[in-house]
Amino acid sequence: MLSPLAARKAEKLGYKNVKVFHAGLPAWKKAGNIVISNVAGLENYDKLGASYILIDLRPAKVAEKGHIPKAVAMPEGGLDALKDQFPKYLNAPVILYAQHGDTEPAKEAYKKVASWGYKQVSILTGGFDAWEKAGKTVAKGPADAKITYVRKLLPGEVDVEVFKTLVEKPAADTVILDVRAVSEIAEGVLPNAKTIPLDDLATKLADLPKDKKIVIHCSTGVRAEMAYNQLKEAGFNAEYVKANVDFDKEKKGAYKISD
């Protein structure tokens, strides 16, 4: 089951039995489902110089024999003993891994971190075994004991405060693009924003100007980043923001932008 965007790519690769999950990632999370990451995604974070939190859920003595670089060891007191070290920035990527990946302990840890409000939590599919099998560097000795997360803007990312100013004081040479799903757009739209759901973006590129800067947002920044990569590949002058954009269902037109 894939997003429409991923489904199109799968079909191009020759897959025939492709099914689409139209509700998207927000609905998937809202239903209490687990989000999975992979070795390539973790490598991409490093390639981009992105900050992330990587937690090794295995016993410390097992992690000492070999762990993924930058991993923080699970303390004897469990995840609760690390809670105070987590950053206030709730969009910080948090990747959890066990020996084999999608195990029950990893799912319990996922739910705990997500319950603390973190919005980009995932379980590394295949766990440490997948990392080692892929031939990636394995660190020996004790894993880190402390979380040292420093927020960094990635290529193409704009600061949340800059984005707020842009919403309040629109620039003639800039278009704000909202790529949330249709059901989310129905809850509210930022002033002067153009809406094209991410899943429709590939077929509606002609609706966007190439002589203006396009600043993209969604509800958290995940889909905005995907749209940014898509527009950059198509030759647009694009940027995106990783921000929580929430609309008040009771008060029409009211919204809150936060990081």
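**Notes on the cores, ring pairs, salt bridges and sheet**

1. Let's start in the middle. The largest nonpolar core has 23 residues, and Ile53, Ile55, Phe86, Leu96 and Val113 touch the most other members. A nonpolar core here is a set of buried Ala, Val, Leu, Ile, Met, Phe, Trp, Tyr and Cys residues joined through side-chain atoms within 4.5 Å. Buried means under 20% relative accessible area, exposed means over 50%, and partly exposed is in between (1.4 Å probe, protein chains only). At least two residues of this core come from each of strand S2 (53–56), S4, H5 and S5. H5 gives the most, with 4 residues. Helices (H or I, at least four residues) and strands (E, at least two) are DSSP runs, numbered from the N terminus.

2. Before going on, a word on what you are looking at. This is a predicted model, where local features need pLDDT of at least 70 and side-chain atom pairs count only at pLDDT 80 or more, while totals for chains, interfaces and linings use all residues. Residues are numbered from 1 along each chain as its sequence is written, and side-chain values use heavy atoms, with hydrogens and water left out.

3. Which residues does Ile55 touch, if you skip those up to four places away in sequence? They are Val72, Leu79, Leu82, Ile95, Leu96, Tyr97 and Ile147; contact means heavy atoms within 4.5 Å. There is also a second, separate core of 19 residues, and Leu154, Val175, Leu208 and Cys218 are among them.

4. Now the rings. Rings of Phe, Tyr and Trp (its six-membered ring) pair if their centres lie within 6.5 Å; planes under 30 degrees apart count as stacked, over 60 as edge-to-face and the rest as tilted. That rule gives 6 aromatic pairs. One of them is Phe86 with Tyr118, a tilted pair at 5.3 Å centre to centre and 55° between the planes. Phe86 sits in the loop between strand S3 (71–73) and strand S4 (94–97), while Tyr118 sits in the loop between helix H5 (104–115) and strand S5 (121–124), so this pair ties together parts that are 32 residues apart in sequence. Phe86 is buried at 7% relative accessible area, and Tyr118 is buried at 9%. Ring pairs also bring in Trp116, making a cluster of Phe86, Trp116 and Tyr118.

5. Tyr228 belongs to helix H10 (residues 222–233) and Tyr240 to strand S10 (residues 238–241), so the pair ties together parts that are 12 residues apart in sequence. Are these two tyrosines, Tyr228 and Tyr240, buried or exposed? Both Tyr228 and Tyr240 are buried.

6. Arg58 counts as buried at 5% relative accessibility, and Asp56 counts as buried at 0%.

7. The salt bridge count comes to 11. Asp80 and Lys112 form one of them (3.3 Å, N to O). Asp80 lies in the loop between S3 and S4 and Lys112 in helix H5, so this pair links parts 32 residues apart in sequence. Asp80 is partly exposed at 47%, and Lys112 is partly exposed at 30%. Glu161 and Lys164 make a salt bridge as well, with the closest N and O atoms 3.3 Å apart. Both lie in helix H7 (residues 160–168), 3 residues apart, about one turn of the helix.

8. Last, the sheet. It is an open sheet of 5 strands in the order S6-S10-S9-S7-S8, with parallel pairing; two strands pair if DSSP finds at least two bridges between them. Strand S6 (157–158) and strand S8 (194–195) are at the edges with a single partner strand each, so one side of each has no neighbour in the sheet. Strand S7 (residues 174–178) pairs with strand S9 (residues 213–217) in the parallel sense over 5 bridges.

How values were computed. A salt bridge is a side-chain nitrogen of Lys or Arg within 4 Å of a carboxyl oxygen of Asp or Glu.
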